[in-house]
Amino acid sequence: DITLIGLYELFLYLFMKRILLICSLLCFALQSYCQLLVRIDQDKDYVQLLEGRLNEAKTDSAKAITALRLSQFYKKYKNIDLAKQRLEQGVHLARGNRMMEGIAYYFQAYYTLGSEDLAQTELKLIKGDSLLSGIDELEAKKYQSGLWIIRGVIRQLQGNEKGGMEAYINHALPLAIESKDKFSEGNANKFLGISLLNANQRVKANQYLKKAMQLFQEAPNESEITKLEGILEVNIILAENNLYLNELTVAKKHLDAAYGVLKNYPNSNVFLFYYYPEGVYYEKMGKYQQALNSFDKAIALDAEGSENFYINRSKFAKFSTLSLIGRNMEAIEVMQDLLKSSSLLPVDRNNYLNLLAETYAKVGNMKEAYNWSQ
């Protein structure tokens, strides 16, 4: 029974995280990193099932947890009015029950993350952790683990990568294991794996990511779509990591597994996440036109908001591939387009300006090379 559905979405807010990109020509700098809000489809049947349970529940505790879970699904599917309504309902019904009040703080923190001051969200997490500490119930351990995952995310948002990793490995993961909930344990392993990626400990990261994959696959569930999304995301992350490690056969296995899910959901936003490692794989195999085709597919999706990160890195990968094969005029055009983005970090923008100057020099246009270098 998957209840912590939102945990793997939280890295959507890591706009300023930095991770070494895996394309062979991207090693000159670090890039901002965020994760896509993974959605392959709306699980309308499961939401309807939960609404039915909410109406039929006999106790305040049962009603509270169901309302809170519904708030998370509604936020995921961008129905903010219903998300707020179910959250308030769940918080009200949880009053007077210490464990339920602690659990409610998890859902409140999830709901407000990214929309209020991080310190305020942190206060909710501390209150929830205090209420759940010492309660020897599996459900309490599960949500306490979730609270610590959000605390780890906040620490990373604040630039404290070490603190984030400490939250995952010393709190979230042990609590998830105690909860005996495989999906929660999978989430803790996944977040720890991603934190290790940010620390460039990629071999060790692979171990935790593979464990997360195993746990997601084994986890019982009522929402098949939620389970598929968890497996899909880890497959793509593993593909990227193994490309960086030059384990191309392993990377291709994970890409194929991801596509095996995605092909059944042609409107999924995860294609934006998928096409980049697919293109990098082709580039590393020397199949440059296929690589360019993959990057173009991502760029054509023209995502909005925070997901522009995925458009930008695919544009840069396209620039790199065009430069590699000597198509410098096309590379210049791509880079000029990339530099129009308002979401680039200053260090990345500066590196891109230098690369554009170098590319102009390659084609003998020294005036433009000088202008862009300046």
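**Contacts, cores and rings**

Reply: Isoleucine 40 is in contact, leaving aside its neighbours within four places in sequence, with Ile225, Leu228, Glu229, Leu232, Val261, Leu262, Tyr265, Ser268 and Val270, where contact means heavy atoms within 4.5 Å. This is a predicted model, in which local features need pLDDT of at least 70 and side-chain atom pairs count only at pLDDT 80 or more, while totals for chains, interfaces and linings use all residues. Residues are numbered from 1 along each chain as its sequence is written, and side-chain values use heavy atoms, with hydrogens and water left out.

Me: What makes a set of residues a nonpolar core, and which members of the largest one touch the most others?

Reply: A nonpolar core is a set of buried Ala, Val, Leu, Ile, Met, Phe, Trp, Tyr and Cys residues joined through side-chain atoms within 4.5 Å, and buried means under 20% relative accessible area, with exposed over 50% and partly exposed in between (1.4 Å probe, protein chains only). The largest such core has 95 residues, of which Ile40 and Ile103 touch the most other members. Helix H10 (residues 224–244) gives this core its largest share, 10 residues, and a second, separate core of 16 residues includes Phe316, Ile332, Leu355 and Leu356. In soluble globular proteins, nonpolar side chains tend to be buried together.

Me: Why is the pair of phenylalanine 271 and tyrosine 274 called edge-to-face?

Reply: Rings of Phe, Tyr and Trp (its six-membered ring) pair if their centres lie within 6.5 Å, and planes under 30 degrees apart count as stacked, over 60 as edge-to-face and the rest as tilted. The structure holds 17 aromatic pairs; in the one formed by phenylalanine 271 and tyrosine 274 the centres are 6.5 Å apart and the planes stand at 90 degrees, so the pair is edge-to-face. The two residues are three apart in helix H12 (residues 271–284), which separates them by about one helical turn, and both are buried. Tyr259, Phe271, Tyr274 and Tyr275 are linked by ring pairs into a cluster.

Me: How do you know that arginine 151 lies over the face of tryptophan 148?

Reply: A charge sits over a ring if NZ of Lys or CZ of Arg is within 6 Å of the ring centre and within 35 degrees of the ring normal. Arginine 151 is 4.2 Å from the ring centre of tryptophan 148 and lies over its face, and the charged end of arginine 202 likewise sits over the ring of tyrosine 244, 3.9 Å from its centre.

Me: What span should helix H14 have, and how much of H14 is buried?

Reply: Helices (H or I, at least four residues) and strands (E, at least two) are DSSP runs, numbered from the N terminus, and the expected span of a helix is 1.5 Å times one less than its number of residues. For the 17 residues of H14 (residues 308–324) this gives 24 Å, and the end C-alpha atoms are 24 Å apart, which agrees. Because 15 of its 17 residues are buried, H14 is largely enclosed by the rest of the structure.

Me: Why does serine 61 count as partly exposed?

Reply: The relative accessibility of serine 61 is 28%, so this residue counts as partly exposed. Serine 61 is found in helix H2 (residues 60–76) and, apart from neighbours within four places in sequence, is in contact with Asn97 and Met100.
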